[in-house]
Amino acid sequence: MSNRGGPTGGRGGGGRGRGRANPGGPSRGAYSPASAPSPAYAPAPAPPAHTERPAVATPSVAPTPAPVASSSSSSAASLASEMDKKLTLAAVALPPSSDKAVRFPARPQFGTVGKRIQVRANHFLVDIAERDLHHYDVSISPEVASKKTNRDIISQLVKMYAESHMGKRMPAYDGMKSIYTAGSLPFTSKEFMVKLPEREGRAGPATKRKDREFKVSIKLANKPDLYQLQQFLLRKHHETPQETIQVLDVVLRAAPSLKYCVVGRSFFDPDLGRKGELGSGLEYWRGFYQSLRPTQFGLSLNIDISARAFYEPILVTEFVKKHFGYNDLSRGLSDRDCLKLKKNLKGIKVTLSSGGGRSYRITGVTLQPLSKLTFTLEDNQTKLFVVQYYHEKYGINLTQVALPAIQSGNDSRPVYLPMELCLIVPGQRYTRRLSENQVTNMLRATCQRPMERESNIQQMVKRNNYNGERLVNNEFGIKVNEQMALVDARVLPSPMLKYHQSMDTPKMGAWNMINKKMVNGANIDFWAYVNFSRLRPDFNDCFLNDLINMCGSKGIVFNPEPLVPVQSAHPSKIERVLRDIHKQSVQRLNEMGQSSKHLQLLIIILPDVKGSYGPIKTICETELGIVSQCCNPKQAQKLNKQYLENLSLKINVKVGGRNTVLNDAILRRIPLVSDRPTIIIGADVTHPQAGEDSSPSIAAVVASMDWPEVSKYRGILSAQNHRQEIIQDLYKQTHDEKRGLVHSGMIRELFIAFRRSTGQKPHRIIFYRDGVSEGQFSQVLLYEMDAIRKACASLEEGYLPPVTFIVVQKRHHTRLFPVDRNTDRSGNIQPGTVVDTKICHPTEFDFYLNSHAGIQGTSRPTHYHVLFDENKFTADQLQTLTNNLCYTYARCTRSVSIVPPAYYAHLAAFRARYYIEGDNSDGASVGRGSGGSAAQSQVLPDVHEFVKDVMFFC
C-alpha cells in the first residue's frame, strides 16, 4: 500500500447512478405532462399565501400553496374541495362534528400479530365525579408578566374573598387569563382590589418587596361540558372536548404550580431530587412531567421523571471562571468573550451581594473594563467612575476592575453592576443548547434503568398526593389511581434480512455481518484520501489497508489504488487542499480518458480539534460534488474491526450500494408495498436553537428510489421561514417569461427521480412525517396533503395516487416497563413491542412501537399516528411494515427506534444546518408553532448533482 502515486488500471464506470434506465421513449410508468419536467431542483420564491380552510385546534392560520393552473390538469382546480371532502370522511358512523374539524382515520381494528404480553405504562387512570364546570376570564391590572406573581395575586384574592364574595368556591387558575370552578360563582362579573403583601424573593430574606395593589376583574366566559367528555371517551362523540380536558389539567397542575419552578408541562425543584453540576456554571434540577390525556381506558395522567439545566446561584465572576475555564481574571476578557458572555447571560436576573434586595435583569455586558467605565449622575453633568461610585457610596473597594461590567436597564439609562457583586438568582432555567460535555454529564447523572425509573415515577405520584389535595379531590371530585396502567402488548417478530447469498434473522434487535456480504456491494474505482490529523505518518497506509480489506470482505469492489496520491495536510489548509484534490482528480480522469466520470469517494481523517466537519461537508457536497467519509482520528487510530465495519456500511450506501434488504421485499410479499410501485417518503423540519431569531428552519424530504426493495433513499433540502413547521416547498409554482407557468418542488422532483430510477411512476405513497406536535396535526395535514396532490396533478392529468400520511412522534413522555422477565439485555421491553390498546387514542389510528433494543437508560417507544389513509392499511399491516423498515437502517446492524425514512430526513435536515451555520449547528426537531418570522429565508446552497443521487446524509 506504499505505492499510491496513482491508479494502475481503472475500471470503467463508477459505482454510482446505476438505477434502471429508461431508454427510447416513455416507459409504462412515464408521466405525460404538457411539457417535459426538469428534474433539477431550483429554489424559487415561496408561493403566495391566501386564507386556508379552517382546521380544528389550530388558532393560527397557515398559508396555502397557490392553486394548480388549469393548463396542468383539469382536475387541479377542484383539488382544494376534494381534499376537504376526503379529509372529513369518517370511517365509522359518528354524530356530526364541527364544520371546522378535520377527522383523522378511525382505528381499523386492533393488531393481532406477534406474541402477546403485558407491560406497565406510566399512565394513571383519572376518575371524575359529576361537577358543573364554569370558566371565567381573568384580567389583572396593572398587567404582570410573571405567572408566579399572577398566581400569588389570585391566591391572595381567594384568601380575602372566598368566604364573602365567592360562595366558598376554590378556583383553579392557569396563571394567565382563566380560572375554573366546580360550580357557579355568585356573580357573572365582578372586580376585586387585591393588595399583595411584601414577601421574600427567590434570593432570600434580603429581597423583600413593597406592598403592591392590583385590580382583578372576573367575568363568566362559558361552561365546559363534562358530558361531552364522557361521550368522547365512550367513543360516542368524535371531536376531542379539549376545553374540558384543559380545565381538569389546570386543576391537577394547580398545587405543583404554586410549589415548584414550572417549565412547560414539567415542574422542577431541588426538593424533588438531588441536584448536581453540569459544568460551565450550570447545574441540573430534577422534577417531573405531567399531562392529562384522553385514552381508551379513560382519562389518563401521564407522569414521567425529568431533569433540566439551570444556572448555578453563584457570583457572576465564578460563572465566568467556570464557563471559560479561567482561574485568573486579572487580565479581563476579550471582546469575543464579552459577546459570548452576553449571549449566555442576557435576560438572567441577579442581585447584589452587598445587599439592597433589588433584582436586576441583565441586558448586556460592557466592552470597556470596569476600571475605565464612567456614568453620568442625575444632574446630567457630572461624570463619575463606577469604581469611585461604589467606593464613595457603599465603601466597597472593587478588585476585579479588569473585567467588564454587567449592564442592566436600557441603552439610554444603563445601570452598571460590578461582576464581583452580582449573584445569580436561583431557579433560572438555561434555555440554550448544552455542550457535549454538559449533555454527557446530564445523561450520566439522570440516566436510569427501567426498574429504577419505574420506581421513581411511582414515588413521585405518591409524593404529589393528588387525592389529598382539597382542590383536586373535594372541590372538583377528581381521583387519581396511584398504580401504573397494565397494558396489553405484542412483540412483533423480527424480519428476515437478505444479504449476498445469505440470510439473517435478527435476535433482540441486533445481528452481525460475520461471513456476510452486502446484498449489493458498490464498485469504488475512483477515490482519494487526506489526513488532517496529527497521527503518525505510517498510520495512513495501515488504516487504508485495513479499511479496503474490510470493505472487500463485505462485498464492496474497492480499487486498491487511489486516483490521486494519499496526503496529509494541516487543518488550516482544509479548503485549499479539498479544492486541489478535486482539481487533480478531474485532471487525472481526463488523462485516463474517463472525463465523464468523477471522484466517487474522498476519505478524510478529521483534525484533532473539533470544528471542521461542517465546513468540509459544505465544500464537498455543495461546491465540489464529492461524496466524503469523515473519520474521527481517535477512533480511526485504534484500527478496530467494528469501527471499520461501520465505516464500510456508510461507504457502501454513499456510493450507491445496498447493505441489506428485507427478504419479504425480494419475494414481493409486503402488503400494500410489493404489489404496486410504492414510494416511501420521510419528512422532517429542524429549527434553530432557542434564542436564535435569524436562522431559517430547514425542511428535508427523503424518498425511496428502489422499489420493490425500498432501501435506497434520495434526499432534498429546503430553507424556510424561521420556526415554520409546515414544509413550504413540497410544491411550488413560478412564472417564467419564456416558459410560462413552471411547476417545481420537493415532491415533484422526488417523483421524477423515482420514475428514472425504477422506470415506473409511484402508484402508492406512504408518507412518514416527523416532528409534528398534536396541535399542528390539522394544519400540517391540510397544507402538505394539498401540496402532494398538486405536485402529482402537475406531473400528469388525473394522477392521484393514494396516500397514507403518518406522523412520527419521539418527543413524548410515555414509557413502557416490562412486567416479567421478557426483557432485552438492558432490562427494557423487547424490540418489536407494540401497543395499540388502553393508553392509545380512544378512536383514532395510532400505536406505540418500541422497535429497538435498549443500550442504556429506559427505552422510549415511538408514537405513530395516522392522519390520512387512502391505502386502507390494517393495524397489523402498518405496524409490521413500520417495525420491519426499522431493520433496514443503513448505518448499523441494529434495528433503530424510529422508521428509517423519518430518521434519514432528520439526518439530511441536520446536514443542511451545517451548510448554513458551520459547526455551530444547533438544530433540534421540535414542532413549536407554525407562525414563521417575517424575515426571508436564508439562502441554502444546493446539493451538487453528483452527490444528491446517493445517500450522502448517512
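Modeller: Happy to! Let's begin with the largest nonpolar core, which has 84 residues; such a core is a set of buried Ala, Val, Leu, Ile, Met, Phe, Trp, Tyr and Cys residues joined through side-chain atoms within 4.5 Å. Buried here means under 20% relative accessible area, with exposed over 50% and partly exposed in between (1.4 Å probe, protein chains only). Phe543, Ile603, Tyr768, Tyr864, Tyr904 and Phe953 have the most contacts inside this core. Helix α20 (residues 900-917) gives the most to the core, with eight residues. Another core, of 43 residues, lies apart from it and includes Phe751, Val772, Phe805 and Phe868.

A word on the model: this is a predicted one, where local features need pLDDT of at least 70, side-chain atom pairs count only at pLDDT 80 or more, and totals for chains, interfaces and linings use all residues. Residues are numbered from 1 along each chain as its sequence is written, and side-chain values use heavy atoms, leaving out hydrogens and water.

Now for strand β41 (residues 862-869), where eight of eight residues are buried. Helices (H or I, at least four residues) and strands (E, at least two) are DSSP runs, numbered from the N terminus, and two strands pair if DSSP finds at least two bridges between them. Strand β37 (residues 803-809) runs antiparallel to β41, joined by six bridges; valine 808 has tyrosine 864 of β41 as its bridge partner. Strand β40 (residues 846-850) also pairs with β41 in the antiparallel sense, over four bridges, and aspartate 846 stands opposite histidine 865 in β41.
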